[in-house]
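The sequence and structure are shown first.

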2 protein chains.
Amino acid sequence: MRLLISTVIAAALSATLAFADPLPSWEPGASKTAILDFVATVTDPASDDFVPVEDRIATFDNDGTLWAEQPVYFQLLFAINRLQAMAKDDPSILKDDVLTAAAKGDMKALAASGEKGLLEVIGATHSGLSVDEFKTYAREFLTTQKHPEKDMLYIDMTYQPMIELLTYLRDQGFSTYIVSGGGIDFMRSITQTAYNIPTQQVIGSSSKSTYTVAGDKPVIMKEPGILFIDDKTGKPVGIESHIGKRPILAVGNSDGDYQMLQWTTSGDGKRLGMIVHHTDAAREWAYDRDSHVGTLNKAMDDAPKFGWVLIDMKDDWSRIWSGGNE
Amino acid sequence: MRLLISTVIAAALSATLAFADPLPSWEPGASKTAILDFVATVTDPASDDFVPVEDRIATFDNDGTLWAEQPVYFQLLFAINRLQAMAKDDPSILKDDVLTAAAKGDMKALAASGEKGLLEVIGATHSGLSVDEFKTYAREFLTTQKHPEKDMLYIDMTYQPMIELLTYLRDQGFSTYIVSGGGIDFMRSITQTAYNIPTQQVIGSSSKSTYTVAGDKPVIMKEPGILFIDDKTGKPVGIESHIGKRPILAVGNSDGDYQMLQWTTSGDGKRLGMIVHHTDAAREWAYDRDSHVGTLNKAMDDAPKFGWVLIDMKDDWSRIWSGGNE
């Protein structure tokens, strides 16, 4: 009898949990409805649009989609932080004006140096060390350093509604992937902690790397030089290379996500493409067409044509940050 | 009461299954013991060498480790088959002696053309079509064509003991990956069917690919030119790129697996490296140091130093093929 009673209690509890709102930080509205309807359909064995668990692939951009990206990408702030630490040990590494400006945190001079300057700062800080060492530095930065404007730890600047969405999708049998222009090792240092996404489900831009044996100890070293840019047309290519399947759901926030959204939503059967629209100048930042990071222009124009759903950060999200107090 | 009885029956059944031999095609001996001991240790929460589920990464070479590789790699036999089909439609594609020899199945002339000739045959048959089309051709070849010497379908020439090992490891919470010099798309056409390994757990050599939109229809095209060779030092690099974690178990069969085995077994804690030694001339093939495919030389010499376990195909496996009747 004891067994029977505990079974009944467990069933009742599980029914309660099933009816709890899986997306508490999402306000009622078109975005939330689109998510719930899509998931209900593709997980319903009786639906013509049912998708088996092994094909429930969902891909998410990172910068501006899962965490903030203003005033510049967190990875660039990390590179400057690393450069400052390295220059403390050996000032001679600041061998030209670009690196000197970066170490001073002179963002204006750095911006003026263009893409070439940025790549120089990335190159100086992202090579000549092992992947493991690099991940340790990145993780330390993201979990102990504060954002220059928001006075929050970087790790706390992930979006609570997106974390709820990731969790909800996994509970419904989805595999959740990050597909970002950000550096793959930089993201992998923190994705398990930040999003419960393991390293093997993180796709990003990468530099060259080599396997070498120093003494008895093999090591994978980060080398100078870009190997792969996981942005724009690179996103579907990166998805195919890592996953080998086409996603059925994709979320991005900028024109860099255009092709990922297009590739995802042009497949057969029911698909969902969504765009995080940064509309909240008070709690986060408001930007789209004219922003120097996360430019959202063509993807916003073509969203109606493809049926992509714009997430209005200000109206759709009752809470923004995973950390901090609102 | 009915509930209680069915619970007791279910418990009894599950206990029986737990005691069934998970590796029935493995003869008792050092190889089988090494596997069972390793798995028992790393899955025992009370052990100092316990490994949590998310870090139970096992990597397997494919050619010569999970399926046969004689007299030449199956992928080369597929390329010749494709070339013949293509030449039937348009004989002008056989534009030089190498391609003409390949289309005739003249392996001697093809071998004489060296690596350059082989790459030409691969290039002619592995580019200029979409990844999806290519996978369809590869899958059809592997499931309908017979091996030139063994009179078996290629799909039946996977090794039954290895399939049991893969299943056993997954039942024990491992993630099983293929890490092979073979082409990633070629393998992905069949790995779910052949090994229950999904495309996202297949790492291989790759050619360049592009994302293009033809009319309204986006497509990922295979282009000429090698992007990545997943062999020798490329194996640890490919593992890091795709998984971002170091395996705790690796199985290979040739010197091409040396660095994967070294990378795996030099990590902290308990590790297992194994080498399939082709010793069975009657049921399969017997070869090692002098073979033109699957050369096993330095890895065999260094196996004792690293503690790598040699699997003696003839003595350790009671059954070889997953398909066919023995």
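Two strands are said to pair if DSSP finds at least two bridges between them. The model discussed here is predicted. In chain B, E4(B) and strand E5 (residues 217-228) pair in the antiparallel sense, and eight bridges connect them. Within this pairing, B:Ser206 has B:Phe228 in E5(B) as its bridge partner. The two strands E4(B) and E5(B) form a hairpin with two residues between them. In the turn, B:Gly215 has a positive phi of about 65°.

Strand E4 (residues 202-214) of chain B is also joined to strand E3 (residues 175-183) of chain B, in this case by three bridges and with the strands running parallel. Here B:Val202 in E4(B) stands opposite B:Ile178.

| Strands | Sense | Bridges |
|---|---|---|
| E3(B) and E4(B) | parallel | three bridges |
| E4(B) and E5(B) | antiparallel | eight bridges |

The report now turns to the interface. The size of an interface is often given as the accessible area lost when the parts come together. Between chain A and chain B, the buried area is about 2,700 Å², and carbon and sulfur atoms give 55% of it. On the side of chain A, the residues that lose the most area to chain B are A:Gln200, A:Tyr211 and A:Ile220, which together account for 23% of what that side buries. The contact draws on 34 residues from chain A and 34 residues from chain B.

Specific polar interactions are also found. Two salt bridges are counted between the chains; in a salt bridge, the side chain of A:Lys135 meets that of B:Glu240 at 3.4 Å, N to O. Across the interface, 22 residue pairs are in polar contact, with both residues at pLDDT 80 or more. Among the elements that give two or more residues to the side of chain A that touches chain B are helix H7 (131-144), strand E4 (202-214) and strand E5 (217-228) of chain A. The largest share of that side, five residues, comes from H11(A). By class, the side of chain A that touches chain B comprises 16 nonpolar, 12 polar and six charged residues.

How are the two chains related?

Conventions
Residues numbered from 1 in each chain as written. Chains lettered and ligands numbered in written order. Predicted model: local features only at pLDDT ≥ 70, side-chain atom pairs only at ≥ 80, totals over all residues. Heavy atoms only, no water. Contact = heavy atoms within 4.5 Å. Buried area = accessible area lost by both parts, 1.4 Å probe. Salt bridge = Lys/Arg side-chain N within 4 Å of Asp/Glu carboxyl O. Polar contact = N/O pair within 3.5 Å; in protein donor to acceptor, adjacent residues only side chain to side chain. Helix = DSSP H or I, 4+ residues; strand = E, 2+ residues; numbered from the N terminus. Nonpolar A, V, L, I, M, F, W, Y, C, P; charged D, E, K, R; others polar.
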